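Please have a look at it first.

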Amino acid sequence: MVLLPGTVVVALAVGTALPVIAAWLPIRRAMAIPPVAALSAAEPAAPARPGSPRTAVGAALVLTGTAAVLYGAFGAGKEDARAVIGVGAALTLAGAIGLIPLLSRPFVALLRPLLIRVNPVHGDLAARNTVRDPRRTGATAAALAIALTLASGLSVLGVSATQYLDGATTRDLTGDYLVKTAPGVRGLAPATAGLLGKLPGASYSPLNQSTQYRIGGVSSVLTGVDPAAIGRLLRCEVTEGSLDSLAQDKIAVADFKARANGWKVGRSLPLKRLGKEGEVTIGAIYRAADQQSNLLPSVTAPDSLVARYDSAPNTDAIVVATAGGPGRAAFAGITKALGDNPALSVLDKEAIRAEDTSGIDNQLNVFYALLGMALVIAAPGIANTLAMSVLERRKEIGTLRAIGLDRAGVARMIRMEALLVGALGAAVGTVMGIFTGWALGRTLQESVVGHALVVPWGRLALGVLLALAGALLASLWPARRAARVDIPAATAAQ
């Protein structure tokens, strides 16, 4: 562990400066209170006026940020697209936080019928109390909105990437297993594929990748395969020509590469690699759903052609199809044929999915843990707001108790207020997160064919439920305090 003095100094400076900056607006409001206001028995609420500067600034930030996000999303291919989206998302979130007081009234009005149906008296009181001071409600919901924005956006990006990797890896695999090196081991030995010849009825082909080619003047990477077996091992949708041409020493080219260079089936192209020269003919063009596929690369060639130009190609993997299909017996047979080598991994489709997506899942779990801390931090804010509200409404609560509202009813009313605040923050954050995740994912679609937006409704619903649960837990102490208000003292005229 390295702890630099600058880290401590910066942390202390930021931690000291932020509360001072945050106190600026309350100080101004406190200084503006006239002395005669102390003679008043009640503190008037400060509703968010539609024409207030706060609302105008919030609306301007939302419009500017949304425009920036849309510009970045549909400007895919530009190097600064994601930076523009990041700045736009920050502006939009800041504007949305400024507009939360204004949004609280229609949002609570939308949920009010549901609360009244659940509990007519307590639900109606909770809805009215929540919008009594929209600014306080908005400030409390803002912390949840920020946490849910980050969590929802990361969920959309992570699940979309996971599904893309899943499809990109297993979509084209029709064989049963993929033999690769174990983690930490580089490259398969050239003789590894020959060991699989002991398996009766099995088909296999190494994927021999070779670089530094110039085909028709275009930089290319060739992947050598066994022409006799590859049709059984990989799904290849041929649009022109035939894969059988690989056995005739011809090459197969992905459609996106052929389209970019104007290549057609039957065309002969000069080939150069490290001083060696020759000529190849295009025998097939196949549709590639993914330009980053490791199984169906941009140029596929017979392994004999690759061997003429590269004596030591890099064998990334070996695709294997067994006679009886995947199963314990097939797995055991492949493992035995490979000599029970601990440096090799035999992966079926499920294992391939788990290996390819484990990195994303691990990163998401780390982010979720950090965002869980943000929710924990937001909970005391809700508790403090409700406690302050209870303190200001002691006389009102005492009056409600005096006319027949029992302690359980008072506690239920406070808990419903907390749920409304939590729902407001969760709703704003979830919508913002989906929007930001979509925009960032949109920048990948031009360069990563097959990448599509996936909205993980289950994870989003779980995030909303966690936010509501946190708000409910935060309300327990203020609700208990409200239920224990002394009726005679609270109703005394002051």
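This is a predicted model: local features need pLDDT of at least 70, side-chain atom pairs count only at pLDDT 80 or more; totals for chains, interfaces and linings use all residues.

Let me begin with N129, which is buried, with a relative accessible area of 9%; by buried I mean under 20% relative accessible area, with exposed being over 50% and partly exposed in between, for a 1.4 Å probe and protein chains only. Residues are numbered from 1 along each chain as its sequence is written, and side-chain values use heavy atoms, with hydrogens and water left out.

N129 is found in helix α5, where helices are DSSP runs of H or I of at least four residues, strands are runs of E of at least two, and both are numbered from the N terminus. Leaving aside its neighbours within four places in sequence, N129 is in contact, meaning heavy atoms within 4.5 Å, with R393, E396, M413 and E417. Besides N129, the buried residues of α5 include H122, G123, D124 and L125.

How do α5 and α14 cross? Their axes come within 8 Å and cross at roughly 50°, where the axes are lines fitted to C-alpha atoms, for helices over the stretch in contact, and the angles run from 0 to 180 degrees between N-to-C directions. The two helices are therefore oblique to each other, given that angles under 35 degrees count as roughly parallel, over 145 as roughly antiparallel, 65 to 115 as roughly perpendicular and the rest as oblique. The crossing of α5 past α14 is right-handed; a crossing is called right-handed if the near helix is turned clockwise from the far one by less than a right angle, and left-handed if anticlockwise. On the α5 side the contact is made by H122, G123, L125, A126, A127, N129 and T130, and on the α14 side by residues including R412, M413 and E417. By class, this contact has 7 nonpolar, 5 polar and 2 charged residues, with Ala, Val, Leu, Ile, Met, Phe, Trp, Tyr, Cys and Pro counted as nonpolar, Asp, Glu, Lys and Arg as charged, and the others, Gly among them, as polar.

Helix α14 also packs with α3 (residues 53-74), at an angle of about 30° and with the axes 7 Å apart, and these two are therefore roughly parallel. Here the crossing is left-handed. The contact is made by T66, V69, L70, A73 and F74 of α3 together with F435, W438, A439 and R442 of α14, and by class it has 7 nonpolar, 1 polar and 1 charged residues.

That brings me to the cores, a nonpolar core being a set of buried Ala, Val, Leu, Ile, Met, Phe, Trp, Tyr and Cys residues joined through side-chain atoms within 4.5 Å. In the largest one, which has 28 residues, I382, I397, M413, I414 and A482 touch the most other members. Several helices each supply at least two residues, among them α5 (120-130), α12 (349-392) and α14 (407-442), and α14 gives the most, with 7 residues. Apart from this core lies another, of 22 residues, with I230, L234, L243 and I352 among them. Returning to I397, its contacts, leaving aside neighbours within four places in sequence, are V390, V410, A482 and V485.

Two backbone details deserve a look. Most residues other than glycine have a negative phi. Q212, in strand β2 (residues 203-215), has a positive phi near 70°, and D249 likewise has a positive phi of about 70°. D249 is placed in the loop between β4 (238-241) and β5 (251-254) and is partly exposed, with a relative accessible area of 27%.
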